[in-house]
Amino acid sequence: MSAAHPLHALGVVEAAEAVASGAVSAEALALTALERLELMGPRFNAVVALDAERALDAARAVDQARARGDALGPLAGVPLAHKDLFYRAGRPCAGGSLIRRDFVPDVTASVLERLDAAGALDLGRLHLAEFALSPTGFNAHDGHGRNPWNLDHCSGGSSSGSGGAVAARLVSGALGSDTGGSIRHPAAMCGVTGLKPTHGLVPMFGAMPLSPSLDTLGPLARSARDIARLMSVIAGPDARDASTLSAPVRDYEAVLDGDLRGVTIAVPLGYYRDAATPEILALLDESLRALRAAGARTVETRAPDMATLNAMMQLVMGVEAATLHRRWLKERPQDYGAQVRARILPGLSYPAVRYAEALMLRAKLTQDWLARAMADADMVHIPTLAVPVPTIAETTQGDPAEVAAAIGRVTHCTRAINYLGLPSLSLPCGFTASGLPAAFQLVGRPFGEGVLLKAGEAYQRMTDSHLRLPPDC
Amino acid sequence: MSQDDAAARLRSEHGVSADAAEASAAQAVARAASASVAAAADRLLTLDETPWSFDTLRALSAAARPETGR
């Protein structure tokens, strides 16, 4: 590798190609990433624990396979690390909590098995919000995730360590989970690319649940092309997760041709853009110009009643999270952070009929949202975060009503998408006056990840926000 | 319902202890979301449409064109 392309600067696809060609060894990539995770990870509070010995063994196995002339997997030698809610048999998995600090699973998550089989290196466990329940990266036990662009600002959560580690080039990519925006918040706030897949596309087996009707697993990486490579490996049916049985198997890289002619992007007026600040709106409009320059057509639509959809999401998540946590709320109430307790407790007070209504209306409301916000288009363009990245202080200190409002602004554009079960790709689109990243989402139809990645990759051919590095990284 | 009633209800129905203010705040959140969901159900939920499930919608989409998902 030349000085212009140090090992840590390689994205997922670049790293896989460098290993496959023999330009670099998997062991060298692993050692570089481990060193950066150890030295720089604490600055962003991104790392829970490294798994160096296992990762180095896996890297040496890749190098030996290449030396023998064996066929290598599509992610052979690529250094990754993941949110600490993916189970690996025999390795602790705390889920950001005090309660599960000593939990050691006896199964391995389906997605980790798929990444292992593709030759990826799993370097360790990354920071997350307690039980994946904060959109800002707040964790009362482990400390707040910190944004590599400015340590006083939120990293976004709940996949806080995944966002920070990818942005700071500690790893080439990472997995996160998204129940109300937990992949898209850190992707947007840290300036990386993140995909929340269609519910039921990526198997949940072996990942700590929060709200099974809404939970999804997906990747964070530097580019849409990197995301496409990772998705081609982790997506698809799994007999251990019945929700994936109708999931398609696709080569998501095959459609990345940079040509958006024939693609229509809807821009819904109302709810999403009304919440955006002027500087965010300007960046959103600039991103639309780039997408049009790549050949896309844009049309204006109108968002439907989002208050109802947000209430549906809140109720479903509340009931399911309370169901999963009730025993610990009863037996170990003192071991929850106050913010997390406050988010789970309402779930114990909803009538059963309301929960059933929210689930029974899901298909109808999804169709209605698609018909109104997307109309005949292929995707919807909305902000991921309609305001500049907040500081940690704004979301933790002072008047509780103002803190709640600041946290609410983070989830304004994300949470209902999980109730709708739709795929959403978050892409960085420049920087606000404070020097923090801004981002937009492309939301697709169920299993429409292919066209979202095609649009995202075309956009990134024409822009460079995803290539910019945080200070001192 | 008073703050004390909210805490007592959490304790009796779920065995969960919470102070009066915390329980009351949780109840207020639940009441607001419940009202929105109930109003939507009044407008939209009909007996004949309940079998049209989210899983069915997704399964139909899975067979759609790869490039657009339609």
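Me: Hi! How many helices and strands does chain B have?
Reply: Chain B has 3 helices and 0 strands. Here helices (H or I, at least four residues) and strands (E, at least two) are DSSP runs, numbered from the N terminus. This is a predicted model, where local features need pLDDT of at least 70, side-chain atom pairs count only at pLDDT 80 or more, and totals for chains, interfaces and linings use all residues. Residues are numbered from 1 along each chain as its sequence is written, while chains are lettered from A and ligands numbered from 1 in the order in which they are written.

Me: Thanks! How many residues of chain B are in contact with chain A?
Reply: 38 residues of chain B are in contact with 42 residues of chain A; contact means that the C-beta atoms, placed from the backbone, lie within 7 Å. On the chain B side, the largest share, 14 residues, comes from H2(B).

Me: Switching to chain A: which way do strands E4 and E5 run?
Reply: Strand E4 (residues 146–147) and strand E5 (residues 150–154) of chain A run antiparallel, joined by 2 bridges. Two strands pair if DSSP finds at least two bridges between them. E4(A) and E5(A) form a hairpin with 2 residues between them, and Arg146(A) stands opposite Cys154(A).

Me: Where is the cis peptide bond?
Reply: It joins Gly157(A) and Ser158(A), with omega about 15°. Ser158(A) sits in the loop between E5 and helix H5 (160–167) of chain A.

Me: One more: is Ala132(A) buried or exposed?
Reply: Ala132(A) is buried, with 29 other C-beta atoms within 10 Å. Ala132(A) also has a positive phi of about 60° although it is not a glycine.

Me: And Asp472(A), buried or exposed?
Reply: Asp472(A) counts as exposed, with 8 C-beta neighbours inside 10 Å. Phi of Asp472(A) is near 60°, a positive value too.

How values were computed. Two residues are in contact if their C-beta atoms, placed from the backbone, lie within 7 Å. A residue is buried if 20 or more other C-beta atoms lie within 10 Å of its own, exposed if 12 or fewer, and partly exposed in between; C-beta atoms are placed from the backbone.
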